[in-house]
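Subject: Structure for your review

Hello,

Please find the structure below, with the sequence. My notes on what turned up in it follow.

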Amino acid sequence: IAMIFYLGVGQGYASHYLWPEQTLINIFIVPLSIEFAVMGVLLFAGSFLQITKQPRGWRIAFQILLTMIGLSIIPTPFIGAKILDIVLPFILLTFIFVLSLAIHAWLNGYKAARFYLISWTIFLIVTFISTLESMGFFTITKLIPDQMILFSSVYVAAFQSIALADQFGLYKQETINAQSAFMEEQRKALTLTKELTQTLEHAREELEEKVSERTRELTEVNEKLAREVIERERAQQEAELLARVDPLTGLFNRRHFSHLADMKFKNAIRYKHPLSILIFDIDLFKKVNDTFGHQIGDQALIHVAEIFQRQARGSDVLARYGGEEFIALLPETTSADAQHSAERLRKMLEDSILQIKGHSISLTISIGIAGMEIVDEMTDFEELLKQADEALYLAKGAGRNRVVVFEKKSFTSEPTLE
């Protein structure tokens, strides 16, 4: 269609029959017809010569030429024939590319490419020389008459029909060959199947009864084993969970905390990293139980644990240490940083009122902190734990609802209130 449009415009038929006496239209119609015709030539060549099966370099060049010519169409209605100064070099490159691609495909065993070369060579050469004339390379005489392009187009149509017929015949022959090979393979397969069927029929009959019986036995055994495995896994998971987690708050229990804390304490000593421990309990918790009952007391513990978890970092190790007492190990944390974290926790809990069953319950906590910043002074985790516990004792003795950091003035000094 693009070629017919180009020839109609180039030979004057379009302007004579479609827009007579409208010469201004030709200013942009002529370059547009050339651009569409070149795009048609390039697209047809890519399809016929199977550009998708060619090496990557050919595919890239094809896409570049197609893109550049396509982009040149956009300004054509606005600048008219001036666009040809830009387009004509790409047209020359397109003709060279198409002929080179056809030769490459032929040399690599694609037989249909020979008819493409026969049918398109004259047209591309004629159009190539005509393009050079348009670019001003030949100014003395007109080498290519206008009728030569029309003649070469008819030549293309004639030989391209032969090329398409040859390609169709090639595809048809390949299909016939493939069908013949497939039918032969089917015949062999049927013969082999028949022989195997006769051989295996007796074995199948003998094995069916044995397999059926054995299958029933295995099914019963497997079902029994599956139930046992599920029960054991469930029991093991429950046992592991109970061994690590406090069932009420979901925090680690004292035993598992001690295991983790011992490992992190040794790691801090080995790499000389700071480490702090934080212990707190709920102030006057017995009064909560006595006033509201143990069920609400349990909800208070859960409430405190949830705030504790929200305020903690992912690397902190939290646990319910016993009763209303909670503990946290803070890796990579100095006692000063631990004090800031503890103060945030204390304030957050103080501001959070527990609303339950029509009761509004205010809870406060007392916190003791001990830090290990000079690792040479301490080699036992229990000593650090004892210091935090002493700081907690001072916090409760100083009026509760406060944070106290253990300070060691010397190896034998008593803990002081900060």
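One of the buried residues is Phe265, with a relative accessible area of 2%; buried means under 20% relative accessible area, exposed over 50%, and partly exposed in between, with a 1.4 Å probe and protein chains only. Before the rest, the conventions. This is a predicted model, in which local features need pLDDT of at least 70, side-chain atom pairs count only at pLDDT 80 or more, and totals for chains, interfaces and linings use all residues. Residues are numbered from 1 along each chain as its sequence is written, and side-chain values use heavy atoms, with hydrogens and water left out.

Overall

The protein chain has 13 helices and seven strands. These are DSSP runs numbered from the N terminus, helices being H or I with at least four residues and strands being E with at least two. Of the 418 residues, 37% count as buried. Among contacts between residues at least 6 apart in sequence, 70% join residues at least 24 apart; contact means heavy atoms within 4.5 Å.

Aromatic rings

There are seven aromatic pairs in the structure. Rings of Phe, Tyr and Trp (its six-membered ring) pair if their centres lie within 6.5 Å; planes under 30 degrees apart count as stacked, over 60 as edge-to-face and the rest as tilted.

One of the pairs is Phe265 with Phe381, which is edge-to-face at 5.7 Å centre to centre and 65° between the planes. This pair links distant parts of the chain, since Phe265 is in helix α9 (residues 254-271) and Phe381 is in helix α13 (residues 381-397), 116 residues apart. Like Phe265, Phe381 counts as buried, at 7% relative accessibility.

Another is Phe308 with Phe326, also edge-to-face, with 6.3 Å centre to centre and 80° between the planes. It too links distant parts of the chain: Phe308 belongs to helix α11 (residues 294-311) and Phe326 to strand β3 (residues 325-331), 18 residues apart.

Elsewhere, ring pairs link Trp58, Phe62 and Phe97 into a cluster. There is also a charge over a ring: the charged end of Arg254 sits over Tyr321, 4.0 Å from the ring centre. The criterion is NZ of Lys or CZ of Arg within 6 Å of the ring centre and within 35 degrees of the ring normal.

Helix packing

Helices α10 and α11 pack at an angle of about 140°, with their axes 7 Å apart. Axes are lines fitted to C-alpha atoms, for helices over the stretch in contact, and angles run from 0 to 180 degrees between N-to-C directions. The angle makes α10 oblique to α11; under 35 degrees counts as roughly parallel, over 145 as roughly antiparallel, 65 to 115 as roughly perpendicular and the rest as oblique. On the α10 side the contact is made by Phe285, Val288, Asn289 and Phe292, and on the α11 side by His294, Ile296, Gly297, Ala300 and Leu301. By class, this contact has six nonpolar, three polar and no charged residues. Nonpolar covers Ala, Val, Leu, Ile, Met, Phe, Trp, Tyr, Cys and Pro, charged covers Asp, Glu, Lys and Arg, and the others, Gly among them, are polar.

Helix α11 also holds Gln311, which is buried with a relative accessible area of 18%. Not counting residues up to four places away in sequence, Gln311 touches Ser341, Arg344, Leu345 and Met348.

Loops

Leu284 lies in the loop between β1 (275-282) and α10 (285-292). Its phi is near 55°, a positive value in a residue other than glycine. Glu332, in the loop between β3 and α12 (335-351), likewise has a positive phi, near 55°. At 48% relative accessibility, Glu332 counts as partly exposed.

Ser352 is in the loop between α12 and β4 (353-356) and counts as buried at 19% relative accessibility. With residues up to four places away in sequence left out, Ser352 touches His303 and Ile307.

Gly80 sits in the loop between α5 (76-79) and α6 (84-107) and is buried, at 3% relative accessibility. Gly80 and Ile29 are 51 residues apart in sequence and 7.9 Å apart in space, C-alpha to C-alpha.

Regards
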